[in-house]
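This report sets out the geometry of one protein chain.

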Amino acid sequence: MEKFDVVIIGAGPAGCAAARRAASGGARTLVLEREEGLGKRVCGEAISEGALADAGIGRSPDFIANEIERVRIHAPDRSKFIEFSRKDVDMGAGFIIRKDAFLSRMAEAAVEEGAEIRLGSPALDISGEAGDWRIKVGGDGGVYEISAALVIGCDGANSMTAKKFFDRSGYGVIGCVQYTLSPCSIEDDTLEFFLGKEVAPGGYAWIFPKGKGVANVGLGSRGRPARELLERFLASYPEKFSGSRRIKEGAAPVPISGQLKSVVRDGLMICGDSAGQVIPLTGAGIHSSIVAGSIAGGVASRAVREGDISSERLAEYEAEFGRIWGNRISKSLKALRVLESLSDEDLNELAGMLKAEDVLDLANGLNLERVARYLLKHPIFAAKIANRLLFQRG
């Protein structure tokens with residue numbers, strides 16, 4: 001039986017980052033990926049310059065499809081919108097990537113450090129105990145078994161690792177559907193978001209331009225089928241999409257309930273979507289997943305080397321990720337819970353009040369207190385939003 005120090009399940013942003021760090025720390029590292037190729041899961045493919053920096057693979061036209069200059073958020077009645085650009089606020093550079101090429105480069109970086117990546121190799125089951133996990137692996141060659149001292153689950157919202165070994169009570173997702181369309185009559189440098197219960201109850205619709213009239217157009221909703229709502233959304237904007245053809249389509253659940261209470265056990269860690277490490281209000285998870293995977297991989301290699309893979313030792317990962325991202329995720333969850341209680345009429349009025357920095361802070365779970373104090377001046381929103389942002393627990 002093949003024996004590894006660290007086995008990582010899933011070769012998304014978290015898995016590739018974890019593999020690189022674990023292998024660079026001297027751990028014999030294997031990544032098991034269910035799909036035959038990388039980047040198959042539907043994704044808006046938007047990424048910040050901070051995420052690129054943390055990925056540690058530089059910038060390359062091989063995986064950067066387009067650069068974003070502006071963000072536009074449409075109110076439910078479509079008569080108002082909030083718009084800001086990089087010239088208006090310090091939001092840093094934004095990009096739309098080709099996720100398959102981006103992950104290929106992350107995977108190459110992991111392999112260069114000594115990790116092994118097996119595509120088309122789903123992890124079917126995990127049994128045993130810390131220090132001697134037995135992992136059943138499927139594939140064209142049949143089922144076989146490997147062993148690992150430590151396992152890192154980076155296997156997404158439907159994570160087998162998380163479901164089997166961690167408490168997922170309260171774990172919630174939003175259903176998302178996305179089409180890649182071409183040609184679209186859109187502004188190639190502008191991200192667009194569309195709010196409203198008629199557009200996307202409990203979520204939003206988006207247009208993420210990939211350049212030259214190609215765009216990822218998607219919608220996430222709760223309580224109503226996302227695909228049906230997306231088709232209706234496209235039909236409501238004939239000036240943008242009437243001549244478009246569908247290049248690609250996909251659907252996926254995105255966690256919006258915040259990080260699980262615990263993401264470590266003896267000999268086990270989970271990262272990324274499987275751990276709920278996603279900004280709840282926006283569903284953004286590439287950057288946080290890269291950071292989580294990188295931290296987990298580093299902790300894993302050191303723990304194996306020291307001969308201590310107890311949950312107490314692995315809690316270093318939980319603590320370090322929490323220090324960097326924990327507050328942002330919990331505050332974004334609080335903002336989501338407050339905003340989703342508002343009516344479309346409230347959102348229309350709010351669109352006329354909020355400034356660019358307010359929107360950025362709410363979306364990213366940053367400085368909610370400043371936004372709340374600004375809204376305290378408004379007689380209606382003082383009670384509906386401000387007091388809840390200031391005093392209500394997340």
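## A buried tryptophan and the basis of the model

Trp133 counts as buried, at 5% relative accessibility; buried means under 20% relative accessible area, exposed over 50%, and partly exposed in between, with a 1.4 Å probe and protein chains only. The residue lies in strand β10 (residues 132-137). Helices (H or I, at least four residues) and strands (E, at least two) are DSSP runs, numbered from the N terminus. The C-alpha atoms of Trp133 and Val71 are separated by 46 Å, and the two residues are 62 residues apart along the chain.

The model is predicted: local features need pLDDT of at least 70, side-chain atom pairs count only at pLDDT 80 or more, and totals for chains, interfaces and linings use all residues. Residues are numbered from 1 along each chain as its sequence is written, and side-chain values use heavy atoms, with hydrogens and water left out.

## Overall dimensions

The chain contains twelve helices and 18 strands. Its radius of gyration is 21 Å, close to the 21 Å that the globule rule gives for 394 residues, so the chain is as compact as a globular protein of that length. The radius is taken over C-alpha atoms, and the globule rule is 2.2 Å times the number of residues to the power 0.38.

Along its principal axes, the C-alpha trace spans about 65 × 50 × 35 Å. Of the 394 residues, 56% count as buried. Among contacts with a separation of 6 or more, 70% are between residues 24 or more positions apart, where contact means heavy atoms within 4.5 Å.

## Packing of α7 against α8

Helix α7 (residues 286-306) packs with helix α8 (residues 311-339) at an angle of about 155°, and their axes are 9 Å apart. That makes α7 roughly antiparallel to α8. Axes are lines fitted to C-alpha atoms, for helices over the stretch in contact, and angles run from 0 to 180 degrees between N-to-C directions. Angles under 35 degrees count as roughly parallel, over 145 as roughly antiparallel, 65 to 115 as roughly perpendicular and the rest as oblique.

The crossing of α7 with α8 is right-handed; a crossing is left-handed if the near helix is turned anticlockwise from the far one by less than a right angle, and right-handed if clockwise. Residues making the contact include Val291, Ile295 and Val299 of α7 and Leu314, Tyr317, Phe321 and Trp325 of α8. The contact residues divide into eleven nonpolar, two polar and five charged. Ala, Val, Leu, Ile, Met, Phe, Trp, Tyr, Cys and Pro count as nonpolar, Asp, Glu, Lys and Arg as charged, and the others, Gly among them, as polar.

## Packing of α1 against α7

Helix α1 (residues 13-24) also packs with α7, at an angle of about 30° and with the axes 7 Å apart. That makes α1 roughly parallel to α7, and the crossing is right-handed. Among the residues of this contact are Pro13, Ala14 and Ala17 of α1 and Ser289, Gly293 and Gly297 of α7. In composition, the contact of α1 with α7 has eight nonpolar, six polar and two charged residues.

Ser289 of α7 is buried, with a relative accessible area of 5%. Beyond its neighbours within four places in sequence, Ser289 is in contact with Pro13, Ala14, Gly272, Asp273 and Gln277.

## Further buried sites

Helix α10 (residues 356-364) is largely enclosed by the rest of the structure, because seven of its nine residues are buried. Asp358 and Asp361 are among these buried residues, as are Val359, Leu360 and Leu362. Just after α10, Gly365 takes a positive phi of about 70°.

Ser85, in strand β6 (residues 81-85), counts as buried at 9% relative accessibility. Its contacts, leaving aside neighbours within four places in sequence, are Glu69, Arg70 and Met91.

## Backbone features in loops

Most residues other than glycine have a negative phi, and most peptide bonds are trans. Arg78 has a positive phi, near 65°, and lies in the loop between β5 (70-74) and β6. With a relative accessible area of 39%, Arg78 is partly exposed.

Lys212 likewise has a positive phi, of about 60°, and is placed in the loop between β14 (204-211) and β15 (214-221). Lys212 is exposed, with a relative accessible area of 82%. A cis peptide bond, with omega of about -10°, joins Ser182 and Pro183; Pro183 is in the loop between β12 (173-182) and β13 (190-194).
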